[in-house]
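Hi everyone, thanks for coming.

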Amino acid sequence: MCRSIKTLRPPVLPEEATEEEIRAAALQYVRKVSGFRAPAAHNREVFEHAVEAIAAATAELLGGLEVRGGARAPAATPATPGGA
């Protein structure tokens, strides 16, 4: 749906997403869903409220995700029979 919204979780993003990145994704989502790039004055309050609510939900989601199988440690070398 929103192809320009990038993935904000590791390992896709090497570090935690910033508030700015989260808000930009929320803004892009609200623009897409509402069909407005910028709301008219009479819709501005509800538009901004939606951006803030989605940014908060996104931050909560990213904070609660447990990402498994990220970077792996090098495989251990097998022990030699009768070795140390």
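Take the contacts between residues at least 6 apart in sequence: 58% of them join residues at least 24 apart. A contact here means heavy atoms within 4.5 Å.

Quick housekeeping. This is a predicted model, so local features need pLDDT of at least 70 and side-chain atom pairs count only at pLDDT 80 or more, while totals for chains, interfaces and linings use all residues. Numbering runs from 1 along each chain as its sequence is written, and side-chain values use heavy atoms, with hydrogens and water left out.

That pLDDT is the predictor's confidence in each residue, from 0 to 100. The protein averages 82, and 76% of the residues score at least 70. Over residues 72-78, though, pLDDT stays under 50, and the model has zero contacts there beyond four places in sequence.

What secondary structure does the protein have? Two helices and zero strands. Both kinds are DSSP runs, numbered from the N terminus: helices are H or I with at least four residues, strands are E with at least two.

Helix α1 covers residues 19-34, and its end C-alpha atoms are 22 Å apart, which agrees with the span its 16 residues should have at 1.5 Å a residue. The expected span is 1.5 Å times one less than the number of residues. After α1 comes G35, with a positive phi near 85°.

Which residues of α1 are buried? They are I22, A25, A26, L27 and V30, and α2 is part of what covers them. Buried means under 20% relative accessible area, exposed over 50%, partly exposed in between, using a 1.4 Å probe and protein chains only. Of the protein's 84 residues, 15% count as buried.

Now V67, in the segment after α2. V67 counts as partly exposed because its relative accessible area is 39%. Leaving aside neighbours within four places, V67 touches R9, P10 and P11. V67 and P11 are 56 residues apart along the chain, yet their C-alpha atoms are separated by 8.1 Å.
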